[in-house]
Amino acid sequence: MTNDAASVLLGGPWTHRFVSAGGTRFHVAEVGEGPLVLLLHGFPQFWYAWRHQLVALADAGYRAAAMDLRGYGASDKPPRGYATYAGAADAARVVRALGEEQAVLVGQGLGGFIAWSVPTLQPGVARAVASLSMPHPRVARRASYLDPRQRRANRYLLDLQVPFRPERAMATGPGYVEALLREWSSPSSGFPTEEDVQRYAASMALPFVAHSAAEHYRWFGRSQLRQDGPLFNRRLKPPVRQPVLVLQGADDGCVLPAATYGRSRRYAAGGYEEHLVTGAGHFLAEEAPEEVSSLLLDWLGRLPRAPRP
C-alpha cells in the first residue's frame, strides 16, 4: 500500500468525491439515490468501516455517503480544529456541500459522539441520529467519572494525551492499531482479520493522520480544564428532539455496556430505540454487518418521510 491518501480510495460500487466545506476539503464515498444518510466513522478507522452499510443503504433506496472525518483518510488534516464543535460543523457543512439541507446522521464511536452533538450544535441539519457504540455524550462523561470499569477501559484516552508518543506508535507499525482493534472487538465476531489490521494500520500511518486522530481525543482532556468542556456538557443537557437509534455491542471493550447501556433514553425526546447486539464488540458495522444493516434499515423505514426539496 502506498503511503499517501490515494491508498484509502478503495474500489467498490461507490463513487469517491471531494467536497469543500467551510474551507476544509473532505473525502466522501457515495452510492445510491434517495434521502441522504451521512455515515461518520470512529477511531482508528476511516470511511471504509461503512462499506457494508453503503451497499445495503443504496440497495434500499437511500443516498449513502461515508465521509472521512477531519484529519482522517483522504480528508484534509489541518493543524487545529479538532473539538467536537468543529466535528459537528464539519458534518453539517458536508451535508450542505452534498446539496442537501438535512440528513440522517449515523455515527460509530467518535462519529457517534459527533452525531449526538449535531442537533444541538447545528440545529436543523439532522433528521434523525443513529449512534453505534457511543451513548449520549453526557452519559459517556458520567460513566467515565463514576464507573471504575469504564475508567479502566478509558486508559487509551490517557495514553493519547501524551504528546508525540502515540503518534509514533501508530505510525511505525501495526501493533498499536491491532491492539485496539482486538481489545475492543468481540472474540467471536471474526474481526479484525489480518487484512483489516493492515488496512487500518496503513490508514493511520498516513502523514499527519495519527496526530489528527489523537487531537480529537486530546480536546476531550484539555477541554475539561477550560470553559469549553463544561459549556459543551451543559449545552447538550436538553434532549434531542429528533428520533434516535442506539446500537451497542454486548462485548464492547471500549464503551462498556454495563456502564452505559440503557442510559441515553432521557436525552431523546423525539423517539428512542436501543438494541444490544450479541457476539459483537465496539466495531459493530464490521463485526455484525448484516444485523446492523437490518436494524438500521428497519428504523429508517419508520422515520417520518424526508421533506422534498
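Reply: A residue is buried if its relative accessible area is under 20%, exposed if over 50%, and partly exposed in between (1.4 Å probe, protein chains only). This is a predicted model, where local features need pLDDT of at least 70 and side-chain atom pairs count only at pLDDT 80 or more, while totals for chains, interfaces and linings use all residues. Residues are numbered from 1 along each chain as its sequence is written, and side-chain values use heavy atoms, with hydrogens and water left out.

Me: How many helices and strands does the protein chain have?

Reply: First the general idea. Helices (H or I, at least four residues) and strands (E, at least two) are DSSP runs, numbered from the N terminus. Here the count is 14 helices and eight strands.

Me: What share of the protein chain is buried?

Reply: Of the 309 residues, 59% are buried.

Me: Which radius of gyration would a compact globule have, and which does the protein chain have?

Reply: The radius of gyration is taken over C-alpha atoms, and the globule rule is 2.2 Å times the number of residues to the power 0.38. For 309 residues, a compact globule would come near 19 Å; the protein chain has 18 Å, which agrees. The C-alpha trace spans about 50 × 45 × 40 Å along its principal axes.

Me: In which order do the strands of the sheet stand?

Reply: Two strands pair if DSSP finds at least two bridges between them. In this model, eight strands make an open sheet with mixed pairing, and the order is 1-2-4-3-5-6-7-8. Strand 1 (15-21) and strand 8 (272-277) are at the edges; each has a single partner strand, so one side of each lacks a neighbour in the sheet. From one strand to the next, the twist averages 20°.

Me: How many bridges join strand 2 to strand 4?

Reply: Four, and the two strands, residues 24-31 and residues 63-67, run antiparallel. Find Val31, and opposite it stands Ala64 in strand 4.

Me: Which strands does helix 1 touch?

Reply: Two terms come in here. Contact means heavy atoms within 4.5 Å. Axes are lines fitted to C-alpha atoms, for helices over the stretch in contact, and angles run from 0 to 180 degrees between N-to-C directions. Helix 1 packs on the sheet and touches strand 2, strand 3 and strand 4. The direction of helix 1 makes about 160° with that of strand 4.

Me: Which residues of helix 4 are buried?

Reply: Look along residues 137-146. Pro137, Arg138, Val139, Ala140 and Ala143 are buried. The buried residues of helix 4 pack against helix 3 (110-121), helix 5 (148-153), helix 11 (228-235) and helix 12 (257-260).

Me: Which residues have the most contacts inside the largest nonpolar core?

Reply: A nonpolar core is a set of buried Ala, Val, Leu, Ile, Met, Phe, Trp, Tyr and Cys residues joined through side-chain atoms within 4.5 Å. The largest one here has 102 residues, and Phe43 and Trp47 have the most contacts inside it. Leave out residues up to four places away in sequence, and Trp47 still touches several others, including Val8, Trp14, His41 and Met67.

Me: Is His41 buried or exposed?

Reply: His41 counts as buried because its relative accessibility is 0%. His41 sits in the loop between strand 3 and helix 1. A polar contact is a pair of N or O atoms within 3.5 Å; within protein, one must be able to donate a hydrogen and the other to accept it, and residues adjacent in sequence count only if both atoms are side-chain atoms. The side chain of His41 reaches the backbone nitrogen of Leu69 at 3.0 Å. Beyond four places in sequence, His41 also contacts other residues, among them Trp50, Tyr72 and Gln108.

Me: What should I look for in the backbone?

Reply: Most residues other than glycine have a negative phi, and most peptide bonds are trans. Now the cases that go the other way. The bond joining Phe43 and Pro44 is cis, with omega about 5°. Pro44 is in the loop between strand 3 (36-40) and helix 1 (51-59). The bond from Phe191 to Pro192 is cis too, with omega near 0°. Pro192 is in the loop between helix 8 (175-184) and helix 9 (194-204).

Me: Where does Phe164 lie?

Reply: Phe164 is in the loop between helix 6 (155-161) and helix 7 (165-171). Its phi is positive, near 75°. Phe164 counts as exposed because its relative accessibility is 59%.

Me: And where does Phe208 lie?

Reply: Phe208 is in the loop between helix 9 and helix 10 (209-223). The phi of Phe208 is positive, about 75°. Its relative accessibility is 63%, so Phe208 counts as exposed.
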